[in-house]
Amino acid sequence: MRVAGILLVEDDPSVRTALELALTRQGHSVTSYATGEEALDHIRARRPEIAILDVMLPGIDGIEVCRRVRKLDQLPVILLTARGDDLDIVVGLEAGADDYVVKPVEPRVLDARIRAILRRAESAASDRITFGDLVIDRGALKVTLAGKEIHLTPTELRLLLELVRHPGQVLNRRYLLRAVWDHTHIADSRLVDACVQRIRAKIEPKPAEPVFIHTVRGFGYRFSPP
Amino acid sequence: MIPLPTGLRARLVITFTLVAVTASMLVATIGFELAKTALVTRTERTSMDLVVRELGGVDFPVGRPRPGEAAPTSRELNRLAQTMSAPGRSVVVEYGDLVSVTGPMNLRDVPNELYGRAKQSVVTQRRVIRGELWLIVGTEVYRATNGVPEATGLRAFVFFPMRADVGQLDTLRARLFQGGIAIVLIALVVALFSARQVLLPVRRLSAAAQALGEGRLDTRLPVHGHDELAGLTARFNDAAAALELSVSELRSLEAMSRRFVADVSHELRTPLTAMTAVTDVLSEEADRLPEAPAEAVRLVLREIERLRELVEHLIEISRFDAGTATLNLEPVNVADAIDDCLGTRGWNEQVKVNASQGLTANLDPRRFDVIVANLVGNALKHGGPPVVVSARSTENGLEIRVRDHGKGIPREALPHVFDRFFKAGAGRARSQGSGLGLAIARANVHLHGGTISVRAQEPGTLFTVWLPHT
């Protein structure tokens, strides 16, 4: 069983204790904080592998914490939403969250999500592919644009590699959810949409007029370089 | 709008017209009769005067002959007839065997009754002879003998033509008729106008009442004047204001109670999250506990699960009640979506699916999942195997059918299965389900603009969902 260093931010002490208990039992090592400010102060020192953030926090909320974490590094983030309200989810995904779960969450489900996100992108035997300025090194799991390294979160990298593996082919959201997020659940296709948006923002010269990842309305996405 | 005969306008117009027709007929008839009497009386008087004057001037001897008198000759009679005659007139003079006639009439045209009466005095009679009206004046000449009048046997009958009088009366009748028509027309116009005066406020009131019925509770009407309609309008405004007030009070009470349910559900979520997080720990520990505490732990776990479902459903329902439920449509592969729905809940083995792979529809996938999950969950809990889910495309939408082969729902309970907290049959275990599943399924179907229905089968129950193409 893989042990992950988890940063948990949750203001309610009972929920915090219970989640800590459950995740520790699944074999993870958990550090928890009651506020976003505290968590941000310790994030550098702790170097967790994943952050689980409650959205409703006193002070700065989980979405803002997520936004600030994204600025620092590629730490994967799962949001813990109390409402499952569409607005929260959309805003959270736009802020860079990799996934979200709705309270009350079953420990097994949360564990599955954590493991799916921490699953390393598989290194391919063949190494690097070049699409103009964009170079994807599938051996080293590195992406460079015009010689500059692009920092992708593990989820973003996995999604990009999945698309690149089937060039010119339309992949539907359901397929991508299973391949990248391990969701067998009727999951939210907005996860895919938000992640594609983030990748485009990083690799497309003009994200509004994408040249690498094309949207096929009603079906999904296609990677077809110019 | 074509006014029906029962309409207020038609009734007003008909009444006005009837009154006008009756009144003008009455006036015309009276006027005509008066004019006719006056005319006839005048004609009779002048005719009688003429006859009396002419006969008064008879200068030849008639009656019992006096000494030295010779019986009148027919020449003298003719002369007398000539003096009374005029163009168009006809005169018959009789004296014994002698008869003198001018004009087209003769003695046979004199009515017997008039002939008889003429012995006593000057008499008149109007009579139609050969298609024309005549005034016949008849009399016998009397001669004074020693101061005593004595009948002479000389009788004269003068036929005065009444053509001119009839013509005048015809003209009068025509004028009166025209006047009557004009009065009726004026009455009609006045009727229409006053009907409009009455109907306009009535129509306005009717439109306002309709608006009120359609939920526009702020509908009010301006009050003009002090008549009964103004009073009615004022009452209407009062009623609308009272209604608006009580409806807004009810609404705010309802909104408050809904918000309360939503708030309570949200508050319950936090302790539930904590409890849910440790269910795995508890359930593993339960295996190591003695029988009684293990049973207690399992009961707590079951109830946590039930509470979780109830809270989820309450939150979902309160979102519909608050009107914040939104529809996120996207093209969905129906077979895949059903597959995912069943797979997530571990129902693949228990449920048979009939859906063609190529079937796609524009749906909110999360809501579709909720619909199918609630219907299938209901079938599995309350119905009996096999449970069959079938999906097919119809002309204008998507049809999903969920069929179970259980004992079925009592017929009288069928119309209520979509009601909140309705449990079909008292025998059904209270612990099964939140009682909101089918209500949520229906709300989700309605959000798509679709329909949901239930029908008893032999055996089992069939739920049919139809979602329109969008």
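Mentor: We shall discuss a sheet, a helix and an interface in turn. Please note that this is a predicted model.

Trainee: What is the strand order of the open sheet in chain A?

Mentor: Strands of a sheet pair through backbone hydrogen bonds, either parallel or antiparallel. Here, five strands form an open sheet in the order 2-1-3-4-5, and the pairing is parallel. Strand 2 and strand 5 (99-102) of chain A each have a single partner strand, so one side of each lacks a neighbour in the sheet. On average, neighbouring strands are turned by 20° against each other, direction ignored. Strands 1 and 3 of chain A are joined in the parallel sense over four bridges, and A:Val9 stands opposite A:Leu53 of strand 3.

Trainee: Which residues of helix 2 of chain A are buried?

Mentor: An α-helix has 3.6 residues a turn, so residues three or four places apart point the same way. In helix 2 (residues 36-46) of chain A, the buried residues are A:Gly36, A:Ala39 and A:Ile43. They lie on the same side of the helix because they cover an arc of only 50° around the axis. Their cover includes strand 1 (5-9), strand 2 (29-33) and helix 3 (62-72) of chain A. On the face turned away from the buried side are the exposed residues A:Asp41, A:Arg44 and A:Ala45.

Trainee: How many residues of chain A are in contact with chain B?

Mentor: There are 22 from chain A, in contact with 25 residues of chain B.

Methods
Residues are numbered from 1 along each chain as its sequence is written. Chains are lettered from A and ligands numbered from 1 in the order in which they are written. This is a predicted model: local features need pLDDT of at least 70, side-chain atom pairs count only at pLDDT 80 or more; totals for chains, interfaces and linings use all residues. Two residues are in contact if their C-beta atoms, placed from the backbone, lie within 7 Å. A residue is buried if 20 or more other C-beta atoms lie within 10 Å of its own, exposed if 12 or fewer, and partly exposed in between; C-beta atoms are placed from the backbone. Helices (H or I, at least four residues) and strands (E, at least two) are DSSP runs, numbered from the N terminus. The arc is that of the directions from the helix axis to the C-beta atoms. Two strands pair if DSSP finds at least two bridges between them. Axes are lines fitted to C-alpha atoms, for helices over the stretch in contact, and angles run from 0 to 180 degrees between N-to-C directions.
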